[in-house]
Each structure stands twice: as C-alpha cells, then as structure tokens.
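Trainee: Before we discuss any labels, may I see the entry?
Mentor: Here it is.

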Amino acid sequence: MSETKKVVEAVDLSKPAGEGMVRVTFLPEGRTVEFPFDTLPYEGHGLPMSFLDVAENYDIFLDHACGGVCACTTCHLHVKEGAQGISEAEDLELDRMETAADIQLNSRLGCQAVIEKPGTYVVEIPKWNRNYVQEGKPAHGPGA
C-alpha cells in the first residue's frame with residue numbers, strides 16, 4: 001500500500017460535482033470521493049483512472065485477487081450512474097466477465113472501467129462479491 005494515500009474530505013452531496021471534478025460514490029459503503037480529473041497518482045492496480053485505481057488511492061476496499069490485471073472477477077461491480085463517462089469494455093474484459101457470477105447489463109471490472117471525463121459516478125460492489133475477510137486486507141463489513 002502506498003504511503004501517499006489521499007486525505008478524504010467530506011463531499012457536499014447537496015451540490016453537483018464542480019467543473020473539472022470527478023465524484024465517485026462506492027456502494028454499499030456510501031463512501032464518496034471527489035478530485036480534479038486526471039490528477040490521481042497511479043498506484044499500479046488496474047488501469048490508470050479505473051475505479052480500482054480510485055479505490056486504492058482513497059483506501060476504499062475493492063477486492064482484486066489478481067492485482068488488477070484482468071485475470072479474475074473479484075473487482076466486479078455494477079455501474080449505477082455515469083456509464084457514459086467511462087471507457088467501453090474491451091475484448092479481454094468481456095471475455096473475463098463471462099466467468100463472473102450474476103452478470104448484469106451494468107457489470108464492469110473495476111480494474112478495467114476507466115473514468116474518461118469529469119462527472120459523477122456511482123458504483124456498487126455486489127453483495128455476493130464483498131470479501132470481508134482476506135489475509136492482508138483491511139477488515140470491512142459486519143463486525144469491523
């Protein structure tokens with residue numbers, strides 16, 4: 001883990017994201033982060049500016065057993081808002097998603113879905129895909 005994680009400031013959800021800003025809400029935690037577009041330091045997890053990259057920069061737990069190289073589906077999430085502002089799924093991701101449980105029309109791999117423009121994004125980690133206990137990972141979820 002990087003020692004240069006972003007400091008999370010409270011986001012005023014009563015106002016829209018500012019000009020040139022990216023706002024991402026991770027459900028079910030309800031954690032929202034906001035930052036100027038294309039300013040995140042790349043942590044090497046998933047593609048740069050992917051939802052996994054955002055999660056890693058802000059200490060939000062999004063499981064990624066393969067290290068974010070599109071070799072598993074543990075970072076599977078559902079894009080609830082903002083799909084028009086993220087990259088199209090490429091063949092490698094589409095092939096991998098065929099092995100994911102309960103695939104939906106809004107399913108994406110967090111390591112491959114790249115935020116391509118400022119805006120508001122809401123993603124949900126499916127209940128069946130939340131790994132609350134994993135060696136070396138933070139304790140999240142019930143009883144944490």
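Mentor: Helices (H or I, at least four residues) and strands (E, at least two) are DSSP runs, numbered from the N terminus. By that naming, Met49 sits in the loop between E2 and helix H1 (51-57). The model is predicted: local features need pLDDT of at least 70, side-chain atom pairs count only at pLDDT 80 or more, and totals for chains, interfaces and linings use all residues. Residues are numbered from 1 along each chain as its sequence is written, and side-chain values use heavy atoms, with hydrogens and water left out.

Trainee: Why is Met49 called buried?
Mentor: Buried means under 20% relative accessible area, exposed over 50%, partly exposed in between (1.4 Å probe, protein chains only). Met49 has 5% relative accessibility, so it counts as buried.

Trainee: What makes Asp59 partly exposed?
Mentor: Its relative accessibility is 38%, so Asp59 falls in the partly exposed class. Asp59 is in the loop between H1 and strand E3 (76-81).

Trainee: Why does Glu93 count as buried?
Mentor: Glu93 is at 3% relative accessibility, therefore it is buried. Glu93 belongs to helix H2 (residues 91-97).

Trainee: Which residues does Glu93 touch?
Mentor: Contact means heavy atoms within 4.5 Å. Not counting residues up to four places away in sequence, Glu93 touches Cys70, Arg108, Leu109 and Gln112.
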